[in-house]
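Hello,

Here is the structure I promised to pass on to you. Have a look at it first, and then read my notes below.

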Amino acid sequence: MPLQPSAPLVRHKGEAEVVASTYINGRLEASASYSPVKQLVVRAAGGLRGGGGDSAYFRNRQMELGVGTYRYLNDEWLIGGLAGVGFGQSSRRFYRGFESPGVGSDGIYEYAARYHKLYADLYAANDDGRVTYGGAFRLSQVRFASLTEKGQPIPLRYMTRVEPMFFMRISGRNTFRWLQLQLASSVSFSPDEEKHTSPTSASAIQKRGGYIPPLGW
């Protein structure tokens, strides 16, 4: 459950952008970007997913801070990039397949993770009129401070993630141009997943439905 790759559409010194997002699964995200000087942008973002009962749940919270630059190639195309750090923690408990509480401990999966990450984003957008469209690409390395299954350590210390995103923004008319609606689609995958081959590795956990990065990553 990664945070969305960043694509702040600030254009000039002194501009700011505030974004709030919600998802069908109940996850919430928010970010704020600001350009204190020409072609420099700073950004802070966070995500939260709570709820669930005692027998099955999926919770996480994470934050990240970044700094970068942006530039217009002409009157329409904006390009930019950021680099930053993040941290978070998460937990998940669920039952395999169609099993339910009371089937025995073999059918229960329970994971917990604490981690930090380093990331770099590149983005481009066509900003011409009321409709803005573009894409962003994120490369991250996640390092686990702790990663456990039912309290037992999992031998996975780090993971590389690749995350492309495509988005479209529609702005309001006239005095409401500051208000925008964004639709976005993104994926997240690990190019080094095959390096993890032990029974408790990332690859094995994912195949049996309990892949740990979605807990907070």
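What follows is a summary of what I found, from the overall fold down to single residues.

First, the ground rules. This is a predicted model, in which local features need pLDDT of at least 70 and side-chain atom pairs count only at pLDDT 80 or more, while totals for chains, interfaces and linings use all residues. Residues are numbered from 1 along each chain as its sequence is written, and side-chain values use heavy atoms, with hydrogens and water left out.

**Overall fold**

The chain has ten strands and one helix, in the order β-β-β-β-β-β-β-β-β-β-α along the sequence. Helices (H or I, at least four residues) and strands (E, at least two) are DSSP runs, numbered from the N terminus. Of the 217 residues, 43% count as buried; buried means under 20% relative accessible area, exposed over 50%, and partly exposed in between, with a 1.4 Å probe and protein chains only. Among the contacts (heavy atoms within 4.5 Å) with a separation of 6 or more, 57% join residues 24 or more positions apart.

**Cores**

A nonpolar core here is a set of buried Ala, Val, Leu, Ile, Met, Phe, Trp, Tyr and Cys residues joined through side-chain atoms within 4.5 Å. The largest has twelve residues, including Leu9, Val41, Leu82, Tyr123 and Phe167. Two or more of its residues come from each of β5 (77–95), β6 (108–128) and β9 (158–171). Another core, of eleven residues, lies apart from it, and Tyr111, Ala113, Phe144 and Leu147 are among its members.

Neighbours within four places in sequence aside, its contacts include Pro8, Val41, Arg43, Val67, Tyr119 and Tyr123.

**Rings and charges**

There are three aromatic pairs. For these, rings of Phe, Tyr and Trp (its six-membered ring) pair if their centres lie within 6.5 Å; planes under 30 degrees apart count as stacked, over 60 as edge-to-face and the rest as tilted. Tryptophan 77 and tyrosine 133 have ring centres 6.1 Å apart and planes at 90°, so they are edge-to-face. This pair links distant parts of the chain, with tryptophan 77 in β5 and tyrosine 133 in β7 (residues 131–149), 56 residues apart.

The charged end of arginine 92 is 4.8 Å from the ring centre of phenylalanine 58, and arginine 138 lies over the face of tyrosine 119 at 4.1 Å from the ring centre.

**Pocket and cavity**

On a 1 Å grid over the protein atoms alone, a cavity is a set of points where a 1.4 Å probe fits but cannot get out, and a pocket is an open set with protein on both sides within 12 Å along at least five of seven lines; lining residues have an atom within 4 Å of a point. Grid points are joined across faces, edges and corners, and a volume is the space filled by probe spheres set on the points.

The largest pocket has a volume of about 700 Å³. Of its 26 lining residues, Glu17, Val18, Val19, Arg169 and Gln180 are the closest to its centre. The largest share of the lining, seven residues, is from β1. The largest cavity has a volume of about 170 Å³, and the closest to its centre of the 17 lining residues are Gln4, Pro5, Val19, Ser31 and Arg43.

**Loops**

Glutamine 39, in the loop between β2 and β3, has a positive phi of about 65° although it is not a glycine. Lysine 150, in the loop between β7 and β8, also has a positive phi, near 55°.

Happy browsing, and do write back with any questions.

Best wishes

How values were computed: A charge sits over a ring if NZ of Lys or CZ of Arg is within 6 Å of the ring centre and within 35 degrees of the ring normal.
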